[in-house]
Amino acid sequence: MRIAVKPDPSEPRRVVDEVERFCLERALSQDIIFRFQLSLDELLTNIISYGFEGTTEDPVITVDIRLGDADIEITIRDNGQPFNPLEDAEIPDISLAAEDRPIGGLGIHLTKSFIDTLAYERVEGFNCLTLTQPLGAAGSEESPDEH
Amino acid sequence: MNIETSYSGDTAVGVVSGRVDSSNAKDFDGELSGIIDGGATNLVLDCGSLRYISSAGLRALLIAIRKTNQAGGGLALCHVPENILEVLEVSGFVRLTKVFETVEEAQASFK
């Protein structure tokens, strides 16, 4: 399934809803839904807010969902300025006190923590970020059913 | 996202439901600021019906933590669902605010 995304701040929530519907229709776990909702809100908000600063391109943003036998893969593509969130994003210092904390910078950190596998490539003028999550145990050693 | 607030003295209890994401974090910030600026120096947020919170929501939460700290009070959370607790752990917010099982325990932490 492909979702076309407009460069509008209201779009991340619409995409999150569509991905939730896709996952629910296929009886995927709430845990997987949560991880993708969080990550898509973070990544799409970044692209829409900053990705096209200083570019003259007409924004093209797409989200593709592919369900395999063992995992689910979501690829976000945008023709904004080259940005590899796996390398170009600053790593926040989460040990700082409330008063010393910078106000931003957590989104990509959360995405990296909540998604099992992330892969970035720049292809023909597009940033392509693929998020892969196994359908079984969800990224952490603990099974959510054991609590 | 919705917050239903009740007051007892200078402590407010806000029951947060729905999701706090990039689209409504400003509203979340506005509601929390309204509660604190209205005189509640201690704020308990009951997160039992919170579906998710993204980094934009954490920013609003950080502002509320600073404000209650500056007012000589504090902010505490309770009934935090497991996946949201993971967000708080990964972001380091468990060090900035206390997390309790129940509203009563959270309220008692201010005494």
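Which residues form one aromatic cluster? In this predicted model, the cluster consists of Phe34(A), Phe114(A) and Tyr52(B).

In one of them, the ring centres of Phe34(A) and Phe114(A) lie 6.0 Å apart. Their planes stand at 55°, so this pair is tilted. Phe34(A) belongs to helix 2 of chain A and Phe114(A) to helix 4 of chain A. The pair therefore ties together parts that are 80 residues apart in sequence. Phe34(A) has a relative accessibility of 4% and counts as buried, because the cut-off is under 20%. Phe114(A) is likewise buried, with a relative accessible area of 1%. Phe34(A) also forms an aromatic pair with Tyr52(B). Here the centre-to-centre distance is 6.3 Å and the planes are at 90°, an edge-to-face arrangement. This pair crosses between chains. It runs from helix 2 of chain A to strand 3 (residues 42-53) of chain B. Both Phe34(A) and Tyr52(B) are buried.

Helix 2 (residues 30-51) of chain A and helix 4 (residues 107-114) of chain A meet at an angle of about 150°, with their axes 9 Å apart. Angles over 145 degrees count as roughly antiparallel, and the two helices are therefore roughly antiparallel to each other. Their crossing is left-handed. On the side of helix 2 of chain A, the contact involves Phe34(A), Arg35(A), Leu38(A), Ser39(A), Glu42(A), Leu43(A) and Asn46(A). Helix 4 of chain A contributes Gly107(A), Ile108(A), Leu110(A), Thr111(A), Ser113(A) and Phe114(A). The residues of this contact divide into six nonpolar, five polar and two charged.

Helix 4 of chain A also packs against chain B. Its partner is helix 3 (residues 82-90) of chain B, at an angle of about 125° and with the axes 10 Å apart. That angle makes helix 4 of chain A oblique to helix 3 of chain B. The crossing of these two helices is right-handed. His109(A), Leu110(A), Ser113(A) and Phe114(A) meet Asn83(B), Glu86(B), Val87(B) and Val90(B).

Definitions and conventions: Residues are numbered from 1 along each chain as its sequence is written. Chains are lettered from A and ligands numbered from 1 in the order in which they are written. This is a predicted model: local features need pLDDT of at least 70, side-chain atom pairs count only at pLDDT 80 or more; totals for chains, interfaces and linings use all residues. Side-chain values use heavy atoms; hydrogens and water are left out. Axes are lines fitted to C-alpha atoms, for helices over the stretch in contact, and angles run from 0 to 180 degrees between N-to-C directions. Helices (H or I, at least four residues) and strands (E, at least two) are DSSP runs, numbered from the N terminus. Angles under 35 degrees count as roughly parallel, over 145 as roughly antiparallel, 65 to 115 as roughly perpendicular and the rest as oblique. A crossing is left-handed if the near helix is turned anticlockwise from the far one by less than a right angle, and right-handed if clockwise. Contact means heavy atoms within 4.5 Å. Ala, Val, Leu, Ile, Met, Phe, Trp, Tyr, Cys and Pro count as nonpolar, Asp, Glu, Lys and Arg as charged, and the others, Gly among them, as polar. Rings of Phe, Tyr and Trp (its six-membered ring) pair if their centres lie within 6.5 Å; planes under 30 degrees apart count as stacked, over 60 as edge-to-face and the rest as tilted. Buried means under 20% relative accessible area, exposed over 50%, partly exposed in between (1.4 Å probe, protein chains only).
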